[in-house]
Amino acid sequence: MFSARKNVFLLVCYLMLSGVGVTTGESIRINGHTASTGRVEVKYGGQWGTVCGDSWDINDAHVVCRQLGFPKATQAYSGATHGQGTGPIWISNVACSGSESHLYDCRHNGCGNNGCSHSNDASVSCSYGSPNIRLMGGGRNYGRVEIFYHGVWNTVCDDTWDMNDAKVACHQLGYSGATSAAKAAAYGQGSGHILRRQHLDCTGSEASLLYCPYSSFDIGHCSHAEDAGVVCSLS
């Protein structure tokens, strides 16, 4: 009987890791004080469990962060750095190359008898992208575009704002591209400065919005009702 139960448990864990019956975004989460940093937890059969920190490294963390919609990881932690979890320890000895799309695509050391304890729970810190650009009023990959320039955060005027500009913003944030260039403060009006109050004219190949050509036509006539936004691609 014990052997049968053990085999069922191992099969369940294998199915989770192989992606059968798993929905990305609903099967993994960061449990911490912020959305980007905390203990890694995976879910199967309605129960959340943790990941063992044995051999946990930055390649494993990159896979987790991308699966959750972040561009990359900045740190991989073991030793329950962000607190001990509860319930099962679903996965042990994860060995990602860093190129996998999901944690369950990575090599591992089997499930069940992993000899790990919650004192070695794995955790991550994920990056939102370039430190001088951010998305506000939306979610991880969409929102109002703001640029840190001359010591303050600036919104961007939506006059002439198009997909080329959005593509540059998303690349700067670490995403592969843009799916939408939003206008008219679609993600709420910002406050304070508006970037140069000039009209950007990116080609799409620039490394930063600050490197894009711009027009000073009608300079100073933009308001926060015209704040630009983006939706960045997660693929």
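**View A. Helix α3 and the residue after it.** Gly174, with a positive phi near 100°, follows α3. Helices are DSSP runs of H or I with at least four residues, strands are runs of E with at least two, and both are numbered from the N terminus. The model is predicted: local features need pLDDT of at least 70 and side-chain atom pairs pLDDT 80 or more, while totals for chains, interfaces and linings use all residues. Residues are numbered from 1 along each chain as its sequence is written, and side-chain values use heavy atoms, without hydrogens and water. At the start of α3, a side-chain oxygen of Asp162 comes within 3.1 Å of the backbone nitrogen of Asn164.

**View B. The buried side of α3.** Helix α3 spans residues 163-173, and its buried residues (under 20% relative accessible area, 1.4 Å probe, protein chains only) include Ala166, Ala169 and Leu173. The buried residues of α3 pack against β7 (133-136), β8 (142-149), β10 (178-182), β12 (199-200) and β14 (229-232).

**View C. The largest nonpolar core.** A nonpolar core is a set of buried Ala, Val, Leu, Ile, Met, Phe, Trp, Tyr and Cys residues joined through side-chain atoms within 4.5 Å. The largest one has 23 residues, and Val51, Trp56, Val64, Val94, Leu103 and Val124 touch the most other members. Helix α2 gives the largest share of this core, four residues. A second, separate core has 21 residues, including Val145, Val156, Ala169 and Tyr175.

**View D. Surroundings of Val51.** Leaving aside neighbours within four places in sequence, Val51 has contacts (heavy atoms within 4.5 Å) with residues including Val40, Trp56, Ile89, Leu103 and Asp121.

Conventions: Buried means under 20% relative accessible area, exposed over 50%, partly exposed in between (1.4 Å probe, protein chains only). A polar contact is a pair of N or O atoms within 3.5 Å; within protein, one must be able to donate a hydrogen and the other to accept it, and residues adjacent in sequence count only if both atoms are side-chain atoms.
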